[in-house]
Amino acid sequence: MTDTAVAPEHLDVVIVGAGLSGIGAAYRLQTEHPHRSYAILEARADLGGTWDLFRYPGIRSDSDMFTLGYPFKPWRAARSIADGAAILDYIRETAQ
């Protein structure tokens, strides 16, 4: 039997979850601590957190997106109380 073990990778920061907060944390690390290594761990197949998990008709934010959104990528849509699909698109666009 051959030894195929791989040495664990060292990371400075591990972000748990690729929702609004996880994507925001990654941005902050890139801009404020560019020499730190990090990874985002997401249990689901896609990013978006709550907005990817819950897709039932009528789901929307109960907080205005001008406040909830990212200061580095302000919410530009006309409706501040956004539906889930619009928020998910915003998170995906920001992550790219």
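1. Start with the loop between strand 1 (13–16) and helix 1, where Gly17 sits. This is a predicted model, so take what follows as a reading of a prediction. Gly17 has 18% relative accessibility, so it counts as buried, the cut-off being under 20%. Setting aside neighbours within four places in sequence, Gly17 is in contact with Gly22, Ile40, Leu41 and Glu42.

2. Now the overall layout. The protein chain has 4 helices and 2 strands, and reading along the sequence you get β-α-β-α-α-α. The C-alpha trace spans about 60 × 30 × 20 Å along its principal axes. The radius of gyration is 16 Å, whereas a compact globule of 96 residues would come in near 12 Å. I'd keep both of those in mind while looking at the packing.

3. On burial and surface: 27% of the 96 residues in the protein chain are buried. The chain exposes about 6900 Å², and carbon and sulfur atoms supply 54% of that. As for charges, there are 9 positive and 12 negative ones, and their mean positions lie 8 Å apart. Contacts also reach well along the sequence: of those between residues at least 6 apart, 52% join residues at least 24 apart.

4. What holds the most contacts inside the largest nonpolar core? That core has 13 residues, and the ones with the most contacts inside it are Trp51, Met65, Tyr70, Trp75, Ile87 and Ile91. Helix 1 (20–32) and helix 4 (84–95) each supply at least two of its residues. Helix 4 gives the most, with 4 residues.

5. Trp51 deserves a click in the viewer. Not counting residues up to four places away in sequence, Trp51 touches Leu20, Ile59, Arg60, Ser61, Gly84, Ile87, Leu88 and Ile91. Two of these partners, Ile87 and Ile91, are also on the list of core residues with the most contacts.

6. Is Asp52 buried or exposed? At 6% relative accessibility, Asp52 counts as buried. Beyond residues up to four places away in sequence, Asp52 touches Arg44, Asp46, Leu47, Leu88 and Arg92. Leu88 is touched by Trp51 as well.

7. Ser61 is in the loop between helix 2 and helix 3 (65–68). With a relative accessible area of 3%, Ser61 is buried. Apart from neighbours within four places in sequence, Ser61 is in contact with Trp51, Leu68, Ile81, Ala82 and Ile87. Among them, Trp51 and Ile87 are core residues from point 4. Ser61 and Ala86 are 25 residues apart in sequence, with 10.0 Å between their C-alpha atoms.

8. Last stop, Arg28 in helix 1. Arg28 is partly exposed, at 35% relative accessible area. Leaving out neighbours within four places in sequence, Arg28 is in contact with His33, Pro71 and Phe72. Arg28 and Phe72 are 44 residues apart in sequence, yet 9.4 Å apart in space, C-alpha to C-alpha.

Definitions and conventions: Residues are numbered from 1 along each chain as its sequence is written. This is a predicted model: local features need pLDDT of at least 70, side-chain atom pairs count only at pLDDT 80 or more; totals for chains, interfaces and linings use all residues. Side-chain values use heavy atoms; hydrogens and water are left out. A nonpolar core is a set of buried Ala, Val, Leu, Ile, Met, Phe, Trp, Tyr and Cys residues joined through side-chain atoms within 4.5 Å. Buried means under 20% relative accessible area, exposed over 50%, partly exposed in between (1.4 Å probe, protein chains only). Contact means heavy atoms within 4.5 Å. The radius of gyration is taken over C-alpha atoms; the globule rule is 2.2 Å times the number of residues to the power 0.38. Accessible areas come from the Shrake-Rupley method with a 1.4 Å probe; for residues, only the protein chains shown count as cover. Lys and Arg count as positive and Asp and Glu as negative; His and the chain ends are not counted. The place of a charge is taken as NZ of Lys, CZ of Arg, CG of Asp or CD of Glu.
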